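Here is a short walk through a structure, taken one step at a time. Look first at where the chains meet.

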Amino acid sequence: MHIVKQLMAIPGVIAAGEYAYRGDRFSYEGALTEEFARMASIVCRANTLSVNMQAEIFESFAENCGCRPVQGWIVRGSQITVCAVGNYFSFIENRDELLNDVMTIMRAKVGDVQDDLLASLYARLGGDTKEALY
Amino acid sequence: MMELPGALAAFTYNDRGALQSHVLREGTELTPQVLDLLARSCVANLAIASMEASGWEALTGQGGFQPLKGISVVGLEWSVVANGNRGVVVKNRDADYEAAFNAVQTA
């Protein structure tokens, strides 16, 4: 089953989707409008790039410290949590054990993000992964 | 915080992100220098997340984000979970994110 459909089958998952590293392409299911899903995709892409940059800095101080490549991030709100793993995101309610379940599924389905995350994400668009990404 | 499943390090930092205190699990690859950088990134990420949450709520009318209860960055082998002035690093394999977020809530 596709990861987004699998996530949406879990009670308490508000919305889930996939975003592209480059460009405006995204897809989603759940309780978001098209415009809000587009905004969510942009936020997720920006945060993913930001934490990848931070991890590169950490590793320059401690090689093989276990932070790279970054798999994702979580923002825990008072009632809603946003999870991003690879180029998938989900908005979930703060229910007991839901965050752990969603993170387990997202990590299992996306798998460990291989080195060179950006090239990996761009490759999904069929782009030239040798092209400079910055 | 070091009693959390898979905890590798726990630390506190000031509002500018400077490391104030820390505990490292013996044998971990993490160093005080990395923890200091982590603490600074936690302050930055919390500020960015707060800005995004505030903007999202204002634009969409969807509540439920503020006040934030923390952020986590999930690395290859470990995750850092932070809120306020405290953070904890847990092994991904053993991570209980909900317990970690609960542990970093300020009293």
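This is a predicted model. Start with the meeting of the two chains: 42 residues of chain A are in contact with 36 residues of chain B.

How much area do chain A and chain B bury between them? The figure is about 3,300 Å². Carbon and sulfur atoms make up 63% of that buried area. On the side of chain A, the residues that lose the most area to chain B are A:Phe58, A:Ile74 and A:Arg76. Together these three account for 18% of what that side buries.

Next, consider the polar side of the interface. The rule finds 23 residue pairs in polar contact across it, with both residues at pLDDT 80 or more. For salt bridges between chain A and chain B, the rule finds zero.

Which elements of chain A give two or more residues to the side that touches chain B? They are helix H2 (34-61), strand S3 (72-76), strand S4 (80-85) and helix H3 (98-110). H2(A) gives the most, with 11 residues. Sorted by kind, the residues on this side of chain A divide into 23 nonpolar, 12 polar and seven charged.

Now turn to the strands. S3(A) is joined to strand S3 of chain B, residues 70-74, by five bridges. These two strands run antiparallel. Take one bridge as an example: A:Gly72 has B:Val74 in S3(B) as its partner.

Note on methods
Residues numbered from 1 in each chain as written. Chains lettered and ligands numbered in written order. Predicted model: local features only at pLDDT ≥ 70, side-chain atom pairs only at ≥ 80, totals over all residues. Heavy atoms only, no water. Contact = heavy atoms within 4.5 Å. Buried area = accessible area lost by both parts, 1.4 Å probe. Salt bridge = Lys/Arg side-chain N within 4 Å of Asp/Glu carboxyl O. Polar contact = N/O pair within 3.5 Å; in protein donor to acceptor, adjacent residues only side chain to side chain. Helix = DSSP H or I, 4+ residues; strand = E, 2+ residues; numbered from the N terminus. Nonpolar A, V, L, I, M, F, W, Y, C, P; charged D, E, K, R; others polar. Pairing = 2+ DSSP bridges.
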